[in-house]
Amino acid sequence: HMCTYMHITCNYTMYLHACLHGPPFPQVKTLWGSFEIKNEKLMKTMLRQLSGINLENKDMNLLQHWAGQMEGLPMYFLSYYGSTDTEVVIDALSFAADIYGIQHVIIDNLQFMAGTYRPKTADDRFSVQDDALAAFRRFASARNVHVTIVVHPRKEAHNTDLTTLSIYGSAKISQEADNVMILQNSENQKFLQVAKNRHDGQLGRLPLTFNKDSLTFSSAFSRVTRN
């Protein structure tokens with residue numbers, strides 16, 4: 001399966017980690033490709049989410065305890081940062097699937113898959129993204145690995161909810177994805193919207209509440225039906 005996450009100002013990286021490794025800590029072998037946020041900063045946030053507290057200036061024994069808990073989670077990290085060639089990333093994913101049995105890959109985000117190529121026009125840029133998307137789709141299908149790709153939305157009018165048409169790039173992104181989830185941020189509420197669900201068809205919204213101490217989101221599910 002391939003899933004697309006789109007966000008406005010909610011911290012999607014925080015939300016993804018809370019979903020995957022929050023209590024009761026599902027044992028899903030996950031490979032993070034964090035091309036926008038350095039792994040050191042990402043892991044620091046994850047450690048705070050896992051412990052539920054800010055561990056800075058805390059007792060060293062407490063820090064070591066939670067570091068040991070985090071070490072036991074089946075998480076792996078790509079060492080790439082910034083713009084990277086898609087072929088290089090796919091080779092690394094294939095190696096991880098073969099050697100470590102990776103079940104889930106997170107790519108954050110699609111806009112960094114241009115590598116050293118510098119597109120001259122918007123059409124060139126979208127073409128590069130389409131090629132990268134096709135490569136991730138082939139990898140997901142061939143290796144039976146779930147791939148979650150973070151993409152940026154285009155700018156919309158103030159207080160206007162995002163839709164699948166808001167994805168920055170071509171329509172191929174939402175067409176190829178089995179699921180599209182959007183982190184919405186209105187003036188009154190943050191929520192996760194399931195905008196596409198290829199296999200089940202059920203759409204819905206999950207209201208989100210942010211906890212500043214643990215840097216996590218909590219949610220209560222509320223279903224909506226398709227017209």
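For the core search I took a nonpolar core to be a set of buried Ala, Val, Leu, Ile, Met, Phe, Trp, Tyr and Cys residues joined through side-chain atoms within 4.5 Å. The model is a predicted one.

Core. I asked which members of the largest nonpolar core touch the most others. They are Leu93, Val105 and Phe136, in a core of 26 residues. I then noted where its members come from: α4, β4 (104-108), α5 (122-143) and β5 (146-151) each give at least two residues. I listed the contacts of Leu93, leaving aside neighbours within four places in sequence, and found Leu31, Leu78, Val105, Phe136 and Phe139. I also found a second, separate core of 11 residues, with Leu42, Leu47, Leu50 and Met70 among them. As a general note, nonpolar side chains tend to be buried together in soluble globular proteins.

Asn109. Is Asn109 buried or exposed? Its relative accessible area is 0%, and the cut-off for buried is under 20%, so Asn109 is buried. I looked for polar partners of its side chain. The side chain of Glu36 makes a polar contact with that of Asn109 at 2.7 Å, and the side chain of His152 makes another at 3.2 Å.

Aromatic residues. I counted two aromatic pairs. In the pair Tyr76 and Tyr100, the ring centres are 5.1 Å apart and the planes stand at 35°, so I logged this pair as tilted. Tyr76 is in strand β3 (residues 75-77) and Tyr100 in helix α4, 24 residues apart, and the pair thus links distant parts of the chain. The other entry is Phe95 with Tyr100: centres 6.4 Å apart, planes at 75°, so edge-to-face. I recorded Tyr76, Phe95 and Tyr100 as one aromatic cluster. Tyr76 is partly exposed at 28% relative accessibility, and Tyr100 is partly exposed at 39%. Elsewhere I noted Lys38 over the face of Tyr81, 5.4 Å from the ring centre.

Confidence. I checked pLDDT last. The protein averages 80, and 79% of the residues score at least 70. The highest mean is 96, in helix α4 (residues 86-100), and the lowest is 40, in strand β10 (residues 222-223). Residues 220-227 are below 50, with 14 contacts in the model beyond near neighbours in sequence. Residues 6-11 stay under 50 as well, with 29 contacts beyond four places in sequence. Where pLDDT is low, the predicted coordinates should not be read in detail.

Definitions and conventions: Residues are numbered from 1 along each chain as its sequence is written. Side-chain values use heavy atoms; hydrogens and water are left out. pLDDT is the predictor's confidence in each residue, from 0 to 100. Helices (H or I, at least four residues) and strands (E, at least two) are DSSP runs, numbered from the N terminus. Contact means heavy atoms within 4.5 Å. Buried means under 20% relative accessible area, exposed over 50%, partly exposed in between (1.4 Å probe, protein chains only). A polar contact is a pair of N or O atoms within 3.5 Å; within protein, one must be able to donate a hydrogen and the other to accept it, and residues adjacent in sequence count only if both atoms are side-chain atoms. Rings of Phe, Tyr and Trp (its six-membered ring) pair if their centres lie within 6.5 Å; planes under 30 degrees apart count as stacked, over 60 as edge-to-face and the rest as tilted. A charge sits over a ring if NZ of Lys or CZ of Arg is within 6 Å of the ring centre and within 35 degrees of the ring normal.
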